[in-house]
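Dear colleague,

I am handing over the structure below, and I would be grateful if you could look through it alongside the notes that follow.

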2 protein chains.
Amino acid sequence: MSFERGIYRDLGKNYGEWFDYVLENAEIYDYGRYPVKGMGIWLPYGFKLRRNIVELIRGLLDETGHEEILLPLLIPELIFRKESEHVKGFEGEVYWVTHGGLEPLDIRLALRPTSETSLTYLESFWIKSYRQLPKKYYQVVSIFRYETKATRPMIRLREVTTFKEAHTVHESFEDAERQVKEAISIYAKFFDILGIPYVVSKRPEWDKFAGAVYTIAFDTLLPDGKALQIGTVHHLGQTFTKVFEVRIQKRDESLDYAWQTSYGISDRVVASVISIHGDSRGLVLPFIVAPIKVVIIPIPGKTPKENEEVGEFINEVKKILEVNGFITKVDDREDVRPGEKFYYWEMRGVPIRIEIGVREVKERSVTVFRRDMLKREVVKFDELINYLNKLAKDIDENLRKRAWEKFREHVRRVKDLSEAREVLEKFRGIVEVPWCGKRSCGLVMADEVNARMLGTPIEGVPKPMLKGLKCPVCGEDAKTIARLAKTY
Amino acid sequence: MSFERGIYRDLGKNYGEWFDYVLENAEIYDYGRYPVKGMGIWLPYGFKLRRNIVELIRGLLDETGHEEILLPLLIPELIFRKESEHVKGFEGEVYWVTHGGLEPLDIRLALRPTSETSLTYLESFWIKSYRQLPKKYYQVVSIFRYETKATRPMIRLREVTTFKEAHTVHESFEDAERQVKEAISIYAKFFDILGIPYVVSKRPEWDKFAGAVYTIAFDTLLPDGKALQIGTVHHLGQTFTKVFEVRIQKRDESLDYAWQTSYGISDRVVASVISIHGDSRGLVLPFIVAPIKVVIIPIPGKTPKENEEVGEFINEVKKILEVNGFITKVDDREDVRPGEKFYYWEMRGVPIRIEIGVREVKERSVTVFRRDMLKREVVKFDELINYLNKLAKDIDENLRKRAWEKFREHVRRVKDLSEAREVLEKFRGIVEVPWCGKRSCGLVMADEVNARMLGTPIEGVPKPMLKGLKCPVCGEDAKTIARLAKTY
């Protein structure tokens, strides 16, 4: 593949190609070479980006009392099959280990598609009393799903390598519901930090997690206008605690099954950061998760002496940057022109570039280029750290603002299904349609506009806003709003 | 199980039980409940310890130019089977995925037992020229081995959850050999920081890694005197690059297959830290990897006012500790007596305990207890931070020194096989026997003393030290020293 710089002016149109091109050329993720469909490799630069994003969610979970654990990958068939709804939801896409060495195993082992079953089995030993509750566990692991749909790097994989799954246990339905709210607020904070815009919807009954009482989901939009589910939160009720007998002594000394929630995010968060902020030159990374915060490019002078002075000044700048916590890279390759270096690091989304040449040495200043706005400014050496501290925040705020603006333009209230269909065909995005709330009408709607129902606003829709609105299928008064979108 | 405190005075004798007891009671690792043999769960406290240890080796690898990546878990049978020596070594213990959903897969997929094959396959696309070399990759992943021997938590598992495997590529045999040396020095530093003593041996020909030119191994001793392999470094020559066609352009423009090394450590490092430093009261963690560095225990006074003053002083102490980077936990449970709290945190190996009661408040001092020596000292508040900074270093040095002293006592030079046999029966440990170097004599030796040959000193044995020594099997002049031990 060879693409000219700037070819992706219109990301909306070429998004798919752009995404593959950037993953390869910014050395994020190797996909398509490995001879198993739906499995790829995190390359060093991509791994660092992924790690920074994972550390961010770890921090948010740790500070809210979540504890990290690590469960076995393999789940015995008997345990996996214990909860019937759950099995129905997953059995079509589970990988099975059947042989160890040269012999068949006595029992088949599933590669975990998610860990509700194995963890609840263990909780039946661990948790006996309300005194131990709430318990909030999480782990960051690979999960496996034998996807039959078309696979896409980071977006629909057979090995999802960055599955952060949280699992919590509570004394009552209400406690679990409060946990659902906490999970939503943690994810909202997480996506806000990353500048990923979203709607939070209650998934319709027919599209909830296998075994859940209800499912709340975060959806964002990719540059092609298709919605991507980037996080889910499930109220699990007592579905799993009943079959695995997680019985606890309650405050009033009675015995009852415990209540659970679970919530997860995946590699799709990384895909969203890349896709939503990127531009025609490649990646545009938020400062907070960028593996390299500042790259310094020397602009060669005319004499060896000039170059020496440039080099010395660069060392001085690098030192003060590092003392102040800016992870800095000096690109001092001798056989590469500055222009090529600009291109190279722009592709990799480094948020801040500093150019230093003879003029900068003379003026004891540096030229600062911000990747998000593609703008240059000359900054005095003495003011540099203050300037960069402010710039770092500016960049992330600007990315967030820009992404939300674009997102909001693509979430539209429509009156009827023909308008919905037209908007979805022309602009994609998310349409909001008045809905009576009946399953049958919901299914007709989704079918008529050839889209998926993301669900309804979790905070409900204020009555006055629904006044006079009718369900476009049955004509009855609308009770809520249904969100519909073309999805991944 | 119920054990009285102090039952493990003699860890040598009861080590196996002690280890299981501590893993459970210090809440490190849940083993035996999960219904798949050889697979366990990292519990929150254990996970933190594991994480600190992993971060330590990550730091050492990153600073020596290693790059972290993440490869797929599943290796297609064709790739796995490509190198015949390697297959022979591993095929008896590979788990196979044969089904996806309800259908059989076209090709069987191996759960990686190690990643030489899949990575070298990818390197054939990635690496074309000496200019890209050396390349040093690593990943921290789960590996799977269908062990037929008795499994032990962290020590012999079917899912090894903490496998740090490094893989490097070089231009020449000599470059790869230099990398072997770098790997040895990185591991030595790592084990030194953790206070784990070791011998470094070149494994005999018949016990090297499947596919390697040679294998260097680190072995330590557990409290029962049995040797445990805790790290290996392999010169892989061109074994894998030839079958996967990793051909590079060399400096002189010729084409040749690249050269490789690989090296790994596992959960066994955590097992060693726990086993080697622990005592009859439970864990004794090195300060540098302890999840909690300081625990503060309030000693209740006689009046509410006294307790209030104690509480205030504790807050003051906690604050200054945290500002100075000591991860601190205050155990203010009201229904638990101080003595029980001491026991609780001693079991968990927290390196430093601070006791604060009425006397301490009056004197503006604290009582500091160090877990490694079980010693108390009263320290003025104003001197506390200096004192603790020094103590932190002291603790780790003391653990290291103590462990090495014990270790050295158990590595003994012996003259002949009957002495070797006697020492191994009575004291276990490692015996060093003069050896002619012939395979046949080595095999006889190991068989005669009913032990495993760990190999020979990698730095060689100085000629004068071998003077007059004979191989106890064939009677010829000794050319080296063979290390023999009962092993895990």
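**Notes on the sheet, a helix pair and the symmetry**

In chain B, strand S15 (residues 294–298) and S16(B) pair in the parallel sense over three bridges, where two strands pair if DSSP finds at least two bridges between them; helices (H or I, at least four residues) and strands (E, at least two) are DSSP runs numbered from the N terminus. Within S16(B), Thr328(B) is the bridge partner of Val294(B).

Please keep in mind that this is a predicted model, in which local features need pLDDT of at least 70 and side-chain atom pairs count only at pLDDT 80 or more, whereas totals for chains, interfaces and linings use all residues. Residues are numbered from 1 along each chain as its sequence is written, while chains are lettered from A and ligands numbered from 1 in the order in which they are written.

The pair belongs to an open sheet of five strands in chain B, with the order S16-S15-S17-S18-S19 and mixed pairing. Strand S16 (328–330) and strand S19 (375–380) of chain B stand at the edges, each with a single partner strand, so one side of each has no neighbour in the sheet. On average, and with direction ignored, neighbouring strands of this sheet are turned by 25 degrees against each other; axes are lines fitted to C-alpha atoms, for helices over the stretch in contact, and angles run from 0 to 180 degrees between N-to-C directions.

Helix H10 (residues 338–347) of chain B packs on the sheet, where it touches S15 and strand S17 (352–356) of chain B, and its direction makes about 170 degrees with that of S15(B); contact between two residues requires that their C-beta atoms, placed from the backbone, lie within 7 Å. Helix H12 (residues 384–409) of chain B lies across S17, strand S18 (365–370) and S19 of chain B, and runs at about 5 degrees to S18(B).

In chain A, helix H2 (residues 44–62) and helix H8 (residues 268–277) pack at an angle of about 110 degrees, with their axes 10 Å apart. The contact is made by Leu49(A), Arg50(A) and Ile53(A) of H2(A) and by Val269(A), Val270(A) and Val273(A) of H8(A).

As for the two copies, chain A can be laid on chain B with an RMSD of 0.0 Å by a turn of 180 degrees and a shift of 0.0 Å along the axis, the superposition being by least squares on the C-alpha atoms of residues with pLDDT of at least 70 in both. That is the relation of a two-fold axis, and in chain A the C-alpha nearest the axis is that of Val97(A), 2.1 Å from it.

Best regards
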